[in-house]
Amino acid sequence: MSTLYLLHKPYRMLSQFTDNQGRATLADVINAPGVYAAGRLDYDSEGLLLLSDDGGLIHRIAHPRHKQPKTYWVQLEGHISDEAISLLKQGITLKDGPTQPAKARRIEAPAMAPRDPAIDPKRHPSTSWLELTISEGRNRQVRRMTAHVGFPTLRLIRAAIGPWQLGDLAPGEWRKETLHAPQSTKPKRGSSPRRRRTS
């Protein structure tokens, strides 16, 4: 069995437990000795962060080879066009190479707590929301993708990682799940496969 913590990381919090510059860290919202984040979420991004004390589980979640899809809710500057959404779906070319095709669709503003500090409506009078799902993990990739198609990101919330959902967790809240890690079904050389008991 493995323990997995699903945390709603607040805006302007590091995805780590210590900092020598006095910034907010995970230690401010969760006390679970021996756990580490499976991947990261930028300081200025919000939403789902997974943590565990199981190194193997962290590797399966975070390693790019496993390509866990990640879904984001993105508040954009301006009303995103159908053309821009189509480009994101096809894949675009950034400075570090082409992106894989993404899932992208326009959505209504999600029912989330306001960001603190909130986005200034005087500076950004026209905004829209996009749901974007990618299977890559490049540095600040979502922000670079939306800027590339002409709609800079104002607010970024990670809503899901693979099968795990942010759900109704408020910023700073977390919940714990117990996972039963799958065992290899490949029999050892020279042995016969074990049969599962049925009750």
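What covers the buried residues of helix H1 includes strands E1, E2, E3 (46-52), E9 (153-161), E10 (164-165) and E11 (174-179). Helices here are DSSP runs of H or I with at least four residues, strands are runs of E with at least two, and both are numbered from the N terminus. The model is a predicted one, so local features need pLDDT of at least 70 and side-chain atom pairs count only at pLDDT 80 or more, while totals for chains, interfaces and linings use all residues. Residues are numbered from 1 along each chain as its sequence is written, and side-chain values use heavy atoms, with hydrogens and water left out.

The buried residues of H1 (residues 55-62) are Leu 57, Ile 58 and Ile 61. Seen down the axis of H1, these buried residues fall within an arc of 100 degrees, so they line one face of the helix. "Buried" stands for under 20% relative accessible area, "exposed" for over 50%, and "partly exposed" for anything in between (1.4 Å probe, protein chains only). The arc is taken from the directions that run from the helix axis to the C-beta atoms. As a rule, an α-helix has 3.6 residues a turn, so residues three or four places apart point the same way. At the start of H1, a side-chain oxygen of Asp 54 comes to within 2.9 Å of the backbone nitrogen of Gly 56.

Helix H2 also has a buried side, made up of Ala 84, Ile 85 and Leu 88. They sit on the same side of H2 because they cover an arc of only 100 degrees around the axis. Asp 82, Glu 83 and Gln 90 are exposed, and they are carried by the face of H2 turned away from its buried side. As for packing partners, the buried residues of H2 pack against strand E7 (103-107), strand E8 (127-134) and helix H3 (141-148). Just after H2 comes Gly 91, with a positive phi of about 105 degrees.

Ile 85 is worth a stop along H2 (residues 82-90). Its relative accessible area is 7%, which means that Ile 85 is buried. Not counting residues up to four places away in sequence, Ile 85 touches Ile 80, Ala 104, Arg 106 and Leu 130; a contact here means heavy atoms within 4.5 Å. Pro 125 is 40 residues apart from Ile 85 along the chain, and the C-alpha atoms of the two are separated by 21 Å.

Now for the loops. Thr 25 is in the loop between strand E1 (2-9) and strand E2 (36-37), and with a relative accessible area of 6% Thr 25 is buried. Leaving aside neighbours within four places in sequence, the contacts of Thr 25 are Met 13, Leu 14, Gln 16, Phe 17, Thr 18 and Asp 19.

Most residues other than glycine have a negative phi, and most peptide bonds are trans. Arg 12, though not a glycine, has a positive phi of about 55 degrees. Arg 12 is found in the loop between E1 and E2 and is partly exposed, at a relative accessible area of 42%. Arg 140, again not a glycine, has a positive phi of about 50 degrees. Arg 140 belongs to the loop between E8 and H3, and its 33% relative accessibility makes it partly exposed. Finally, the peptide bond joining Asp 116 and Pro 117 is cis, with omega about 5 degrees, and Pro 117 lies in the loop between E7 and E8.

Definitions and conventions: A polar contact is a pair of N or O atoms within 3.5 Å; within protein, one must be able to donate a hydrogen and the other to accept it, and residues adjacent in sequence count only if both atoms are side-chain atoms.
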